Amino acid sequence: SPRCGDPLCGSPSLTQSRHSRHLGGCAAALARFGRERPRDLALAAEQLRLARRELGRITGHVGAEDVLDIIFRDFCVGK
C-alpha cells in the first residue's frame with residue numbers, strides 16, 4: 001500500500017507519531033500478556049483487550065467502550 005510502503009522492501013514507515021504510540025502500546029500489552037498468560041486468565045484477557053484497543057485506534061475501529069470513555073471523560077456525565 002502506498003500509505004505504508006511496500007512490505008517486500010522492509011518495514012512499513014509510520015508517518016504519524018500517533019500510530020507509533022498506539023503500536024507501542026499494543027506491543028507493551030502483548031508483552032504483558034506473555035507474562036500473565038500462564039498465571040491469571042483474567043489479567044491475560046485484559047492485556048489482549050488493551051492490545052486490540054490500541055490497534056483499533058489506528059484502524060478507526062471504535063467500540064462502545066471507547067465512546068463511553070470519551071463521554072465520561074469529556075462531558076462529565078454522572079458527576
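Biologist: Which exposed residues sit on the face of α1 turned away from its buried side?

Modeller: This is a predicted model, where local features need pLDDT of at least 70, side-chain atom pairs count only at pLDDT 80 or more, and totals for chains, interfaces and linings use all residues. Residues are numbered from 1 along each chain as its sequence is written, and side-chain values use heavy atoms, with hydrogens and water left out. Exposed means over 50% relative accessible area, buried under 20%, partly exposed in between (1.4 Å probe, protein chains only). On the face of α1 turned away from the buried side, the exposed residues are Ser17 and Arg21.

Biologist: Where in the protein is confidence highest?

Modeller: pLDDT is the predictor's confidence in each residue, from 0 to 100. Its mean over the protein is 76, and 68% of residues reach 70 or more. Helix α3 (residues 64-74) has the lowest confidence, at a mean of 70, whereas the highest, at 89, belongs to helix α1 (residues 17-36).

Biologist: What pattern does the protein follow along the sequence?

Modeller: Helices (H or I, at least four residues) and strands (E, at least two) are DSSP runs, numbered from the N terminus. The protein has 3 helices and 0 strands. Read along the sequence, the pattern is α-α-α.

Biologist: How far apart are the end C-alpha atoms of α1?

Modeller: The expected span is 1.5 Å times one less than the number of residues. For the 20 residues of α1, that should be 28 Å. The model agrees, with its end C-alpha atoms apart by 29 Å.

Biologist: Against which helix do the buried residues of α1 pack?

Modeller: The buried residues of α1 are His19, His22, Cys26, Ala29 and Phe33. They lie on the same side of α1, because they cover an arc of only 90 degrees around the axis. That arc is taken from the directions from the helix axis to the C-beta atoms. These buried residues pack against α2.

Biologist: Is glutamine 47 buried or exposed?

Modeller: Glutamine 47 lies in helix α2 (residues 41-59). Contact means heavy atoms within 4.5 Å. Leaving aside neighbours within four places in sequence, glutamine 47 is in contact with Ala29, Arg32 and Phe33. Its relative accessibility is 11%, so glutamine 47 counts as buried.

Biologist: Which side chain does a polar contact of 2.7 Å join to that of glutamine 47?

Modeller: A polar contact is a pair of N or O atoms within 3.5 Å; within protein, one must be able to donate a hydrogen and the other to accept it, and residues adjacent in sequence count only if both atoms are side-chain atoms. At 2.7 Å, the side chain joined to glutamine 47 is that of arginine 32.
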